[in-house]
Amino acid sequence: MEQHVKNIIEGVSNAYGMDFFERLTLKLDQVIGADFTFIAQIDEIKQLSQTITYVENGQLAENFIYSLAYTPCADVASNRVCCFPSDVCSLYPDDQILIDLELEAYVGTPLHDSKGKVMGLIVALYKRPIVNQESVITLFKIFSGRVAAEMERLDYERSLQKLNDSLDQKVQQRTEDLSKVIIQLKQTQEQLVEADKMAALGKLIAGVAHEVNTPLGLTITTHSMIELELSRLEKKIAQGQLSVDDMDRYLSKTGQALQLQGETLIRAKTLIESFKRMAVEQHYLEVETINIRDYYQQLLKTLEPLCRPKDVKITLSGAEGICMNTLPGLHAQIITNLINNSIQHGFSGGQGNSISVKLHQLAADEVEVEFIDNGVGLCVNSAERLFEPFYTTARDKGGTGLGLSIVYNLIVQRLRGAIEVRPSRRGLHLVYRFKADNSSLSVPLHNESKGMTSCSH
């Protein structure tokens, strides 16, 4: 069993989405020796179940939808682990699928969402009686948490995509209205700016959720392994067969699992704290004294999930110890939009993608930031119009042309600075400057939430 669990974990450790479900289903089917294995999602209202991945005779097959009525899956959907090692057709004579496939045995385990509600199931079907049903159920239970977490993440991404599609339709409609009703230009433009900010933040949230799901999935798996080892130990004790080797094995396995569990939980905690800090600071538009280098380091760390799909590496360099009065939330919005712009328009995928952020102190009250990526770069026309509202080269891909316009306005109007595009043989080279703001310096009520960004007077 232990070797089977290890092989399955290794086979799916770097997989996500449909790739994860397909790999896991194939691995499970291979290990348990089933004739049919599938993972399905339940529609409680319609009393239907739709397979996400379906393996037949060791091969991926076409997914299908079936009614839960009169099936053992209906019992699983009511939050029961169901196992019928033989003669399942006689127990469910109205389940036509069981009869058509001439099935003899059935094993099914429910999948629970983060609120404890049954959202799907894992099922194995056999044309012969099974004798290792306990092993099958154990394997299903070990991986059910990871499967449910991935299903929830995919559902969230689909919801986010629908939101983005809806936003894109609104942008297009309002852009047409602008050409007809000039008097509404300012009001409509402000609405679109807010929509673009929310879309960028939504992508960041999806990336962070994806990153947090990975350590949480590993934590669930290690927890299941600890439970399994504890069950084995209790059985040995009950049978009076406990040996020193058994205790050593238990201590070794649980020790390794607890160490891994602790590391993954710390990783999830760090990610959540970084994201929470950034979310708070984006709406905290009061002047603070911060260490510019440390604050930018925290921002870039928080934005790493955005970069991972296109394997973009970010480096920060430049002057240290620059403490300045400024609006931290505006810097968060500027860096988020710049990195999102590079990911969307500068990189097409592959390896070697990089973004460099360099800090230079021009004066006691002025800092310059160089933002450089090694993407596809800009043509002359694009460079000249880069900060124009609604100018985009990717409107067919959902671009609104507002991201860098927002950046321009924040730097020039709010930070009393300037921004320019510098010539580059490859990629994008932006330079912006901002000055200290001593107008209304405030002291945060919760300095501990700012990490290393605050400076003492």
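Glu102 counts as exposed, because its relative accessibility is 60% and the cut-off for exposed is over 50%. This value, like the others here, comes from a predicted model. Glu102 sits in the loop between α5 (96-100) and β6 (105-112). Phi of Glu102 is near 55 degrees, which is positive, yet Glu102 is a residue other than glycine.

Gln47 is not a glycine, but has a positive phi of about 55 degrees. The loop that holds Gln47 runs between β1 (36-43) and β2 (48-56). Gln47 counts as partly exposed, because its relative accessibility is 40%.

The search for empty space comes next. A probe the size of a water molecule, rolled over the atoms, shows where such space is left. The second largest pocket holds about 630 Å³ of space. Its lining is made up of 25 residues. Nearest the centre of this pocket lie Ile9, Thr221, Thr222, Met225 and Leu260.

At least two lining residues come from each of α1 (2-12), α6 (133-180), α7 (185-239) and α8 (244-282). The helix that gives the most is α7, with 10 residues.

Note on methods
Residues numbered from 1 in each chain as written. Predicted model: local features only at pLDDT ≥ 70, side-chain atom pairs only at ≥ 80, totals over all residues. Heavy atoms only, no water. 1 Å grid on protein atoms, 1.4 Å probe; cavity = no way out; pocket = protein on both sides within 12 Å on 5 of 7 lines; lining within 4 Å. Points joined across faces, edges and corners; volume = space filled by probe spheres on them. Helix = DSSP H or I, 4+ residues; strand = E, 2+ residues; numbered from the N terminus. Buried < 20%, exposed > 50% of the residue type's maximum accessible area, 1.4 Å probe, protein only.
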